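Thanks, everyone. Please have a look at the model on the screen. I'll take the helices, then the sheet.

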Amino acid sequence: MEKLIDRKLKIRYENLVKTDSLLPIKISKFYKEKVEEEINAIGVGGPLYKSVIPTKDKIDIKTSVETRDYVEENKHMPVQNVDYIIRKYGNRLVFIITDICFSHCQYCFRTYNLSKFQTSNIKKTIIEKVSTLKKYLNDNPEIKEVIFSGGDPLTIGYDNLEYALKELKNWDIRIHTRAIVYEPTIFTQKLISLLKLYNVRLVFHINHLYEICDKVQDKIKKIDKAGIRMYSQFPLLRGINDNSIVLIKLLEMMDDLHIRPLSIFIPDPISYSACFRLSFKRIIKIMDEVNFSTPSWINSTRFTMDTTIGKVRRENIIDWTSNCITFSRDNKIVKYYDLDDDIDKPTDIKTLLWKEK
């Protein structure tokens with residue numbers, strides 16, 4: 001770890017883990033090797049590095065309006081004293097099946113909530129959670145889809161996942177995961193067959209084309225060969241992929257692998273995220289560069305933002321005064337506060353695409 005982060009910065013960050021509910025540094029061996037390769041090429045601070053290692057900017061850069069939970073998930077928990085069932089839409093819900101991840105993303109929008117969850121006996125917890133969820137689903141037949149989230153749902157192990165999928169076989173299941181880039185070895189033929197058996201939709205969170213190495217591609221091809229539907233959602237992040245060239249290359253690579261891109265997310269204005277956020281004007285500029293220079297199988301990808309009133313997009317803006325942008329959806333409004341001036345500095349393309357000649 002000494003090679004990855006300055007000792008004084010590491011101590012500062014570890015203190016914030018204790019006092020400000022940040023997630024501790026956690027990196028899988030597989031991803032750590034990628035980060036080390038990047039460090040050897042360009043030093044610290046590249047896109048893969050920033051994904052998992054805290055930087056001085058993460059700690060020090062602040063903007064005027066920040067919150068711990070912009071999406072306000074606690075307002076969308078329909079079962080009393082249950083914090084793992086989140087429902088914002090009529091026909092689907094999010095099921096936080098675990099708080100455990102293969103690695104901790106430094107830009108995680110759920111940092112505050114995940115840091116409060118208590119890890120306990122996984123098998124017992126899964127059984128209790130699934131039982132509570134099934135009762136709620138049976139009482140609300142209009143719900144058709146359950147979205148496994150976390151944490152990373154694939155950390156719970158084969159037996160626990162098999163149990164959950166079997167118990168919930170009457171509903172459409174979608175699993176959101178970064179396991180494909182953090183721990184691709186988890187995708188054994190046995191697991192792939194299980195996912196196919198229960199007709200699971202896999203939604204990968206892949207932020208950068210350098211996360212898709214030969215080993216990752218090999219697993220994706222095996223998943224595709226099994227006939228599992230694959231999708232992608234990922235955030236637009238300064239220092240990681242904040243350039244239309246990077247986004248287009250990533251989207252093209254995923255298309256070649258039969259991964260259908262759904263959304264590129266605008267980061268939430270949460271605490272300790274200012275170093276990852278872009279000004280809204282630059283977001284629109286990048287959005288236009290992607291949309292107006294690519295074929296429909298690329299530019300159909302939506303730029304969207306999750307909020308307490310649901311997902312909103314550019315066309316939902318009803319007012320933009322100074323750094324306050326107001327969105328409207330379903331006769332509800334939500335305010336988004338842009339970055340203060342002079343915070344957003346575009347990342348050098350040579351850093352983002354350091355492998356390119």
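Start with helix α11, residues 244-256, and helix α12, residues 280-291. This is a predicted model, so keep that in mind throughout. The axes of α11 and α12 come within 9 Å of each other. They cross at roughly 45°. Why those two values? Because two packed helices are described by the angle between their axes and the distance between the axes.

Now, what do we call that arrangement of α11 and α12: parallel, perpendicular or oblique? Angles under 35 degrees count as roughly parallel, and 65 to 115 as roughly perpendicular. The crossing is at roughly 45°. α11 and α12 are therefore oblique to each other. As for hand, their crossing is right-handed.

Which residues meet there? From α11, take Ser244, Leu247, Ile248 and Leu251. From α12, take Ile286, Glu289 and Val290. By class, this contact has 5 nonpolar residues, 1 polar and 1 charged.

Strand β7, residues 260-265, is joined to β8 by 3 bridges. The two run parallel. To find the pairing on screen, look for isoleucine 264, which stands opposite phenylalanine 303 in β8.

Key. Residues numbered from 1 in each chain as written. Predicted model: local features only at pLDDT ≥ 70, side-chain atom pairs only at ≥ 80, totals over all residues. Heavy atoms only, no water. Pairing = 2+ DSSP bridges. Helix = DSSP H or I, 4+ residues; strand = E, 2+ residues; numbered from the N terminus. Axes fitted to C-alpha atoms, helices over the stretch in contact; angles between N-to-C directions. Parallel < 35°, antiparallel > 145°, perpendicular 65-115°, else oblique. Left-handed = near helix turned anticlockwise from the far one by under 90°. Contact = heavy atoms within 4.5 Å. Nonpolar A, V, L, I, M, F, W, Y, C, P; charged D, E, K, R; others polar.
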